[in-house]
Amino acid sequence: MIPVNRPLFDGNEKKYLNECIDTGWISSEGPFVKKLEVGFSKLMGCAHGIAVCNGSLAIELALAALRIGPGDEVILPSFTIISCAAAIVRAGALPVVVDCQHDTWNMDPALIAGKITSRTKAIMVVHIYGLPVDMDPVIELARRHDLFIIEDAAEQHGQSYKGRLVGSLGDIATVSFYPNKQIVTGEGGMVLTNDKTLADRCRHLRNLCFDKERRFIHEELGWNFRMSNLQAAIGVAQLERIGQIVAKKRQIGHWYQQRLRGHPRLQMQRERTEYAENIYWVFGVVLDDAVPFDAAEAMTRLKSKGVDSRHFFWPLHEQPVFRNRGWFMNERCPNAERIARRGLYLPSGVGLTEKEADISARALLEIIR
Ligand SMILES: Cc1ncc(COP(=O)(O)O)c(C=O)c1O
């Protein structure tokens, strides 16, 4: 079976892990955490990086740092992972969704203005799969309405938008280092910002809000969201090869594009837009209506040919956990609904070989013939 993701550890990962064990530094106090924070925040064009234990909690931390809470609304794409909405709901705020664009699968900036109310506090943009959100219209709206911008850049380490670094375009950004991301640490994530006050607040909240003078006195409730030195050691080794990793991801995208581009029964995310080149976090395809089955069936058929694949995200406005609360009952997001049902992604991990991409693409072509 060709796995949907296979990470590569062909740098200093083992050496740095051994260093942790040899020196005894395995907790968050170890030196690799700081190194990862400094190196990764630079990659993303931010002055501050706060390493945490995963990308989902990075979003929770970002919202808490911005003091988003009960009575607030946050606008986000319906087509995203549950983590984004879960963080908003857990903060006590309300998620307000917009549909994605037909061809980039990213939130449609043209739909945001219609969702802004007096309670809107922030826009959470999520850079989906390989292309960033068209940020300039979002930035303009946020300025005009005095809203925060939270960028979820979990899937796009090292991506840029009109030459500006993704992750540095709003007030605060978050990433994940789960093993299918560009930089991986096993489990892990980071909050990024250029605002020192926000960064200090994130560090405080990440570490249980210990008092500076009297450690076990707490003025506020925080969390233990710390990353261990062991995780950071892997991340630092990965970061040394970020250029190669991004180049490999684009090569994988190119291998698939060469084999599938222009097929009348398939839609792919665009290779580039006016503002960015696809970084291919994953290589997604959407089955045209002429294909007589949906993504779930396509995945079963691919599996029978030895190729693993994954579903696209399921839209937030159709999630049972929210519908059961009576939310989003009249919401329609036709683009998100369509790609959720007809979209899947092919093996696209950094460890993929051209032969495996070839077998995967051929298998797809055979099943949709
Ligand atoms: C856009 C996005 N946000 C957040 C997350 C959550 O990150 P984690 O799995 O590290 O909690 C993911 C994970 O895949 C993601 O794709």
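**Stop 1: the sheet**

Start with an open sheet of seven strands, in the order β1-β9-β8-β5-β4-β2-β3, with mixed pairing. Two strands pair here if DSSP finds at least two bridges between them. Helices (H or I, at least four residues) and strands (E, at least two) are DSSP runs, numbered from the N terminus.

A word on the model before you go on. It is predicted: local features need pLDDT of at least 70, side-chain atom pairs count only at pLDDT 80 or more, and totals for chains, interfaces and linings use all residues. Residues are numbered from 1 along each chain as its sequence is written, and side-chain values use heavy atoms, with hydrogens and water left out.

Now show β2 with β3; they pair in the parallel sense over five bridges. Pick I75 and look across to V96 in β3, which stands opposite.

**Stop 2: helices on the sheet**

Select residues 31-43. This is helix α2, which packs on the sheet and touches β1, β8 (172-176) and β9 (189-193). Contact means heavy atoms within 4.5 Å. The direction of α2 makes about 130° with that of β1. Axes are lines fitted to C-alpha atoms, for helices over the stretch in contact, and angles run from 0 to 180 degrees between N-to-C directions.

**Stop 3: the cores**

A nonpolar core is a set of buried Ala, Val, Leu, Ile, Met, Phe, Trp, Tyr and Cys residues joined through side-chain atoms within 4.5 Å. Buried means under 20% relative accessible area, exposed over 50%, partly exposed in between (1.4 Å probe, protein chains only).

Which members of the largest core touch the most others? Select F79, M124, Y129 and I172, out of 52 residues. Elements giving two or more residues to this core include β2 (73-77), β4 (120-126) and α11 (334-342). Helix α3 gives the most, with eight residues.

Zoom in on M124. Leaving aside neighbours within four places in sequence, its contacts include I59, L63, I75, C84 and I150. A second, separate core has 46 residues, among them V96, V133, V138 and I183.

**Stop 4: the rings**

Rings of Phe, Tyr and Trp (its six-membered ring) pair if their centres lie within 6.5 Å; planes under 30 degrees apart count as stacked, over 60 as edge-to-face and the rest as tilted. The count comes to 20 aromatic pairs.

Select Y16 and F32. They form a tilted pair, 5.1 Å centre to centre with 35° between the planes. Y16 is in α1 (residues 13-23) and F32 in α2, so the pair ties together parts 16 residues apart in sequence. Y16 is buried at 10% relative accessible area, and F32 at 3%.

Move to Y129 and F312, an edge-to-face pair at 5.0 Å and 70°. They are 183 residues apart. Then widen the selection: ring pairs link F79, W105, Y129, W281, F312, F313 and Y345 into a cluster.

Last, select R301. Its charged end sits over the ring of F293, 4.1 Å from the centre.

Terms used. A charge sits over a ring if NZ of Lys or CZ of Arg is within 6 Å of the ring centre and within 35 degrees of the ring normal.
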